[in-house]
Amino acid sequence: MRVLLTGHKGYLGTVMAPVLAEAGHEVIGLDSGLFADCLLGPRPETPPGFEVDLRDVTHEHVSDVDAVIHLAALSNDPLGALAPDLTYDINHRASVRLARLARDAGVKRFLYASTCSVYGASGGDALVAEDAPLRPVTPYAESKVRVEDDVHELADEDFTPVFLRNATAFGFSPRLRADIVLNNLVGHAVLSGEVRVLSDGTPWRPLVHARDIASAFAAALVGPKEAVHDKAFNIGTERNNVTVAEIAGEVAEAVPGSRLVITGEAGADPRSYRVDFARFREAIPGFDCEWSVKDGALELVDAYQKYGMTAHDFEQRFTRLAWLKNGISVDDTLRRR
Ligand SMILES: NC(=O)c1ccc[n+]([C@@H]2O[C@H](COP(=O)([O-])OP(=O)(O)OC[C@H]3O[C@@H](n4cnc5c(N)ncnc54)[C@H](O)[C@@H]3O)[C@@H](O)[C@H]2O)c1
């Protein structure tokens, strides 16, 4: 397939592009490149593509492709809170526009990177499946719910949207993010010797490795239409349904000599959800996630040490909010300068 991959110069896109290419697809990227220079280690090979803002996408960007995988977004809760209007412009309105352009251009399949944070304040220990009530608690998560609702309306016989609700990602990517929980805790532990948890550690936070997300998208791209058409899927594994305190415990074990401190100073975190991932395994027989939290923590320790992670880069270059706030790469509408 000829696949347009938006967000190909992000944390997940940089891992996903080679997985798609290895599966035999021709990948064309589309990204404004906000984090193109946020690299840890050697610069990876990047597929050819468009350097364009999602808000400026036109018909020609989606013509001649069989499928769109849409990752480009302001990609976390703190970013969404920085500029909720921009979050809705980019994540919601521009995404729905992209889907409409794709459908009108004859694109057959549209895979959308949604998130398990649509379940928001689900609370409790019961597993939430895809038909659970959505309780987003941030503009970021709300923007994802709106896209799912609006793109669902575009589904028809010739246009198959699929909504992949990813758990929180972890693991090495050449375009690292240090602002997601495991990557963050490992970095602090390597740099300071302390695994520091500011919440009380009780919230459930399901995790999934970036490469397992890439494999899930690759599988959904070619899965039987009747199995995936217009459906939402949680992406992850019950084995990685862990609490923040458990994640911190794995990190303390992966970083020899580090000390676990749960301060509780940030109070209770309302985002807590424990997720049921069965629907995707049933739709795509044979699919399962491979990476455990422990293996991901060890992989990150190794990468941070091998590539000489510094405290400055950890806090600035690899923290999406800090990188955008420094204003070097973007104007005040978050367009790349
Ligand atoms: N990483 C996670 O834990 C996680 C979990 C669930 C869902 N997701 C979703 O997966 C997708 C990718 O996440 P990521 O972790 O790779 O984030 P990321 O921030 O690393 O990458 C996002 C990419 O989108 C691009 N982008 C942002 N705004 C743009 C715009 N206006 N025009 C063009 N390009 C733009 C950025 O340049 C960047 O390359 C996002 O939609 C995110 O919401 C991520």
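This is a predicted model: local features need pLDDT of at least 70, side-chain atom pairs count only at pLDDT 80 or more; totals for chains, interfaces and linings use all residues.
Step back into α1 itself, residues 11-22. Show the side chains and pick out Tyr11, Thr14, Val15, Met16, Val19 and Leu20; these are among the residues of α1 that are buried. Gly13 and Ala17 are buried too.

Next, switch to cartoon and find the open sheet. It has seven strands in the order β3-β2-β1-β4-β5-β7-β11, and the pairing is parallel. At the edges sit β3 (49-51) and β11 (232-235), each with pairing on one side only. Neighbouring strands are turned against each other by 20 degrees on average, ignoring direction.

Zoom in on β11 and its partner β7, residues 160-166: four bridges join the two in the parallel sense. For one specific spot, select Arg165, whose bridge partner in β11 is Asn234. Helix α5 (residues 139-152) packs on the sheet here, touching β5, β7 and β11, and its direction makes about 155 degrees with that of β5.

Now select α4, residues 84-104. This helix lies across β1 (2-6), β4 (67-70) and β5 (109-115), and runs at about 165 degrees to β5.

Last stop: Cys116 and Cys289. Why is there no bond between their sulfurs? The sulfur of Cys116 has its closest cysteine sulfur in Cys289, 11 Å away, which is too far for a bond. With a disulfide needing sulfurs within 2.5 Å, the count is zero. Both cysteines are worth a surface check: Cys116 is buried at 1% relative accessible area, and Cys289 is buried at 5%.

Note on methods: Residues are numbered from 1 along each chain as its sequence is written. Side-chain values use heavy atoms; hydrogens and water are left out. Buried means under 20% relative accessible area, exposed over 50%, partly exposed in between (1.4 Å probe, protein chains only). Two strands pair if DSSP finds at least two bridges between them. Axes are lines fitted to C-alpha atoms, for helices over the stretch in contact, and angles run from 0 to 180 degrees between N-to-C directions. Contact means heavy atoms within 4.5 Å.
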